[in-house]
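Please keep the sequence and the 3D view at hand while reading.

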Amino acid sequence: MKQIVVDIRDDGEVRIETKGFSGPVCLAESQFLKDLLGTETARSLAASFYQRGGVTVKRHIPLCG
Amino acid sequence: MSHISKIEVAITDLEALKNACHRLGFEFVEGATTYRWYGRVVEPEKYPLPEGMTVDDLGKCHHAIRVPDADYEIGIVRRNGNYLLLLDYWDSKLKNRVGENGGRLKQAYAIERTLREARRRNFRITETRTEHGIRLTLSA
């Protein structure tokens, strides 16, 4: 099931977590909340972000140079 | 899980702020041009004014919020499309109800703003209390 979980702490800090999405669509699906609540100050991507249709997209990362 | 974002809350919607006041049992005073505070700045180096504000701006507002049992009030000032909350923490009753840096009021605002938009988009919503705050779960 696709879910957007919004944790709103007593000190006013907001943390948005998307669940059940594959690939970068999660960013678009939750963008409306970020736009209406304020400014995104940090973001971390989970492994499923790099999946397309259940297949992990491998990328080569330059380690030096 | 796909990604996690942290958001710094900015107050831009007056209706959601009114609903937040209702949620907390505060009174929103629409159109109030002044709010109660200590009346003079103490230790400005320790408690700097919000960016762009001067001492002369303090005590003046576009709306105000009254908090039950508190002596001072919260001033709401419209600036660059945002609403700034001005409050004097010398009143400990006000500070206790509103939280450090207005945290509880910002929390209530974020809840009300999220709920309204989530309803408009026909999400199924559950609201639960967690150890450190409120969790809203929106299901498509």
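## The largest pocket

In this predicted model, the largest pocket holds about 1,400 Å³ of space. Its lining is made up of 37 residues, and those closest to the centre of the pocket are B:P50, B:L85, B:L87, B:Y89 and B:N101.

- Strand 3 (38–45) of chain A, strand 1 (3–9) of chain B and strand 5 (82–86) of chain B each contribute at least two residues to the lining of the largest pocket.
- The most is given by strand 5 of chain B, which supplies five residues of that lining.

## The four-stranded sheet of chain B

- Chain B has an open sheet in which four strands follow the order 2-3-4-5, and the pairing within this sheet is antiparallel.
- Strand 2 (27–29) and strand 5 of chain B stand at the edges of the sheet with a single partner strand each, so one side of each of them has no neighbour in the sheet.
- On average, and with direction ignored, neighbouring strands of this sheet are turned by 25 degrees against each other.
- Helix 1 (residues 14–24) of chain B packs on the sheet and touches strand 2, strand 3, strand 4 and strand 5 of chain B, while its direction makes about 145 degrees with that of strand 2 of chain B.

## Pairings inside that sheet

- Three bridges join strand 3 (residues 63–66) of chain B to strand 4 (residues 74–79) of chain B in the antiparallel sense.
- Along strand 4 of chain B, B:I76 stands opposite B:H63, and B:G75 stands opposite B:A64.
- B:G75 also stands opposite B:L86 in strand 5 of chain B.
- Strand 4 and strand 5 of chain B pair in the antiparallel sense over five bridges, and the bridge partner of B:R78 in strand 5 of chain B is B:Y83.
- The hairpin formed by strand 4 and strand 5 of chain B has two residues between the strands, and in this hairpin B:N80 takes a positive phi near 50 degrees.

## The six-stranded sheet with strands from chain A and chain B

- Another open sheet has six strands in the order 3(A)-1(B)-2(A)-1(A)-7(B)-6(B), and its pairing is antiparallel.
- The edge strands of this sheet are strand 3 of chain A and strand 6 (124–129) of chain B, each of which pairs on one side only.
- Neighbouring strands of this sheet are turned by 20 degrees against each other on average, direction ignored.
- Strand 6 of chain B pairs with strand 7 (residues 133–139) of chain B in the antiparallel sense over six bridges, and B:R129 stands opposite B:I134 in strand 7.
- Helix 1 (residues 25–37) of chain A lies across strand 1 (3–9), strand 2 (14–19) and strand 3 of chain A as well as strand 1 and strand 7 of chain B, and it runs at about 10 degrees to strand 1 of chain B.

## The contact between the chains

- The size of an interface is often given as the accessible area that is lost when the parts come together.
- Between them, chain A and chain B bury about 3,400 Å², of which 53% is on carbon and sulfur atoms.
- On the side of chain A, the residues that lose the most area to chain B are A:I8, A:D10 and A:L37, which together make up 20% of what that side buries.
- The contact takes 41 residues from chain A and 35 residues from chain B.

Key. Residues are numbered from 1 along each chain as its sequence is written. Chains are lettered from A and ligands numbered from 1 in the order in which they are written. This is a predicted model: local features need pLDDT of at least 70, side-chain atom pairs count only at pLDDT 80 or more; totals for chains, interfaces and linings use all residues. Side-chain values use heavy atoms; hydrogens and water are left out. On a 1 Å grid over the protein atoms alone, a cavity is a set of points where a 1.4 Å probe fits but cannot get out, and a pocket is an open set with protein on both sides within 12 Å along at least five of seven lines; lining residues have an atom within 4 Å of a point. Grid points are joined across faces, edges and corners, and a volume is the space filled by probe spheres set on the points. Two strands pair if DSSP finds at least two bridges between them. Axes are lines fitted to C-alpha atoms, for helices over the stretch in contact, and angles run from 0 to 180 degrees between N-to-C directions. Contact means heavy atoms within 4.5 Å. Buried area is the accessible area (1.4 Å probe) that two parts lose on being put together, summed over both.
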